[in-house]
Amino acid sequence: MILRHGTKRRGLWGRAAIGCMMLMVAVLPAGPSRAATEQAPRLTYHHMWTDDRGVSHLATCPLTQFVLKSMSPPAGPQWQDRQPDGRATVLMTVQPPHWDGAWHEDPKVQWIVPLRGRWFVQAMDGTRVEMGPGDVLLGEDQNTRPLSTGPMRGRKGHLGGNVGDGAVDLMVVQMDIAPTVGQPCHFR
């Protein structure tokens, strides 16, 4: 719609536009955004990895390669730590109450993100971690070999199960990449 100078409509729309601009000036922060003045975040993930003897371990690893940028302009900037590109499958799983995963290897290199409930994983070296919403696990315990002695004799991979009486909802992102051996925390 074209408005001509001197009409009532222009005055109404003009006042509305000026009011909106004044509101934007009052609401928007002056100077750089808060995110631009903050230091890059440092997040962690748990990594289930295999050593060169075929034993699985758990490590807590930092994510440190964050860059502040927009994911889709004109959206505002956010801290991003982009992992290697590649083909992946996303699964939403619900482990029923009292689920017992028994000893097994991860079927693929996979990120596991708990959405609801608590669950645990235990490595062949005896390390155990419990996770809930906000935690992340990189499962990469392929290439394990059954132990010949000790309390984990005959076991390989990891043990997993629910903590408590409820179901556990997980998002699993299985990546089409080869597993590494002897490289804990290789995702940064």
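Mentor: A salt bridge here is a side-chain nitrogen of Lys or Arg within 4 Å of a carboxyl oxygen of Asp or Glu. This is a predicted model, where local features need pLDDT of at least 70, side-chain atom pairs count only at pLDDT 80 or more, and totals for chains, interfaces and linings use all residues. Residues are numbered from 1 along each chain as its sequence is written, and side-chain values use heavy atoms, leaving out hydrogens and water.

Trainee: How many salt bridges in the whole structure?

Mentor: The search finds 5. One of them joins Arg116 and Asp169, with the closest N and O atoms 2.9 Å apart. That pair links distant parts of the chain, 53 residues apart: Arg116 lies in strand S7 (residues 109-116) and Asp169 in strand S12 (residues 168-175). Strands are DSSP runs (E, at least two residues), numbered from the N terminus.

Trainee: Is Asp169 buried or exposed?

Mentor: Asp169 counts as buried because its relative accessibility is 17%. Buried means under 20% relative accessible area, exposed over 50%, partly exposed in between (1.4 Å probe, protein chains only). Arg116, at 46%, is partly exposed.

Trainee: And which residue does Arg82 pair with?

Mentor: Asp85, at 2.8 Å from N to O. Arg82 is exposed at 65%, and Asp85 is exposed at 60%.

Trainee: Changing topic: which residues make the nonpolar surface patch?

Mentor: Val90, Met92 and Leu115, covering about 310 Å². Patch residues have over 30% relative accessible area and no salt bridge, with nonpolar side chains (Val, Leu, Ile, Met, Phe, Trp, Tyr) joined within 5 Å and like charges within 9 Å. Areas come from the Shrake-Rupley method with a 1.4 Å probe; for residues, only the protein chains shown count as cover.

Trainee: Where is Val90?

Mentor: In strand S5 (residues 88-95). Val90 counts as exposed because its relative accessibility is 53%.

Definitions and conventions
Helices (H or I, at least four residues) and strands (E, at least two) are DSSP runs, numbered from the N terminus.
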